[in-house]
Amino acid sequence: MESSAGPGFGTFFGIAIPEFLVLVFFWHPVMSFILPILVFEILTRKVLTGHEPILIKTTRKTVLITLFLILISTFIAKGNGFDPVSANCSLIGTLLIISGLCYLTKEADLTSLDLGNTGFILLTIYLFLLYVATFFYLLPERIPTAIASYTSIISFYVISILLLIKSNKTTTEINTLKEDSYSITDLIKFMVITVITVNIACLIPDISTGILAITYLSLTFMGTIISTIIVYDVLKQISTKNMGN
């Protein structure tokens with residue numbers, strides 16, 4: 001579980017399996033992209049048509065979100081060495097940044113993120129240069145030397161890009177979020193729950209570490225299941241499209 005200890009369960013074709021499954025199939029897509037978009041839609045009250053059912057408030061969803069926040073609080077506590085001061089500064093600081101940016105972009109919606117072709121190309125170039133530069137500058141001792149690592153990663157990305165290209169394209173529009181959906185008040189409640197549970201997690205490091213380990217392993221299966229379902233749906237779309245042609 002420690003970054004200095006290397007892959008927790010070894011590697012397969014140069015890839016650390018549980019770490020790869022957690023980061024690529026769950027953490028980055030869900031925590032770095034999907035959840036921020038959904039939170040942004042709640043903050044702006046402007047939502048894509050396809051996201052409306054997801055944001056409808058139900059007791060079951062609220063219970064699951066609360067449980068998830070309790071589990072994730074152990075990650076935040078662990079990442080800050082179970083130091084309450086560091087954990088609170090990290091978490092509350094992030095929430096303050098989000099609140100400030102929300103205040104400055106009251107009239108924004110997801111169309112604000114539509115960069116156009118030129119903007120997208122410039123952003124791609126910037127990210128490519130950023131990742132290449134940091135790849136060799138940050139922790140160069142961790143750069144893989146086995147060809148299998150690069151072959152596996154490149155193959156994964158090529159397959160993913162092909163699936164994206166072949167998947168059905170849909171048109172969406174921006175609607176006002178319905179009254180029975182999650183609101184800013186709900187987000188504030190979730191923030192309070194997160195702050196409280198992070199502080200509790202810092203006070204019981206041994207228990208928190210156990211919860212974290214179980215959650216971590218659970219996310220490997222959850223991410224794999226989600227990705228498998230998505231790939232199946234895309235392949236089904238492609239098959240249906242080919243039969244129609």
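I began with helix α5, residues 116-137: its 22 residues reach 31 Å from first C-alpha to last, close to the 32 Å expected at 1.5 Å a residue. The expected span is 1.5 Å times one less than the number of residues.

**Ground rules**

I am looking at a predicted model, where local features need pLDDT of at least 70, side-chain atom pairs count only at pLDDT 80 or more, and totals for chains, interfaces and linings use all residues. Residues are numbered from 1 along each chain as its sequence is written, and side-chain values use heavy atoms, with hydrogens and water left out.

**The whole chain**

I looked up the elements and found 8 helices and 2 strands. Helices (H or I, at least four residues) and strands (E, at least two) are DSSP runs, numbered from the N terminus. Along the sequence they come in the order α-β-α-α-α-α-α-β-α-α. The C-alpha trace spans about 60 × 50 × 35 Å along its principal axes.

Next I checked burial: 24% of the 245 residues count as buried. Buried means under 20% relative accessible area, exposed over 50%, and partly exposed in between (1.4 Å probe, protein chains only). The chain exposes about 16,700 Å², and carbon and sulfur atoms supply 73% of that area. These areas come from the Shrake-Rupley method with a 1.4 Å probe, and for residues only the protein chains shown count as cover.

I also looked at contacts, meaning heavy atoms within 4.5 Å. Of those between residues at least 6 apart in sequence, 82% join residues at least 24 apart.

**Helix α6**

I turned to α6, residues 147-166. Its 20 residues should span 28 Å at 1.5 Å a residue, and the end C-alpha atoms are 29 Å apart, which agrees. Which of its residues are buried? I found Ser149, Ser152 and Leu163. Seen down the axis, the buried residues of α6 fall within an arc of 75°, so they line one face of the helix. The arc is taken from the directions from the helix axis to the C-beta atoms. On the other side of α6, Ile147, Ile154 and Ile165 are exposed.

**Nonpolar cores**

A nonpolar core is a set of buried Ala, Val, Leu, Ile, Met, Phe, Trp, Tyr and Cys residues joined through side-chain atoms within 4.5 Å. The largest one has 10 residues, including Leu38, Val47, Leu69, Tyr182 and Phe190. Helices α1 (17-44) and α7 (184-203) each supply at least two of its residues, and α1 gives the largest share, 3 residues. Another core, of 9 residues, lies apart from it, with Ala87, Leu95, Val195 and Val198 among them.

I followed up on valine 47. Not counting residues up to four places away in sequence, valine 47 touches Glu41, Glu52, Leu55, Glu173, Ile174, Asn175, Thr176 and Leu177.

**Threonine 220**

Threonine 220 sits in helix α8, residues 205-244. Is threonine 220 buried or exposed? It counts as buried, at 6% relative accessibility. Leaving aside neighbours within four places in sequence, threonine 220 is in contact with Pro18, Leu21 and Val22.

**Cysteines**

How many disulfides does the structure hold? I found 0, a disulfide being a pair of cysteine sulfur atoms within 2.5 Å. For cysteine 202, the nearest cysteine sulfur is that of cysteine 89, 11 Å away. Cysteine 202 is buried, with a relative accessible area of 6%, whereas cysteine 102 is partly exposed, at 25%.
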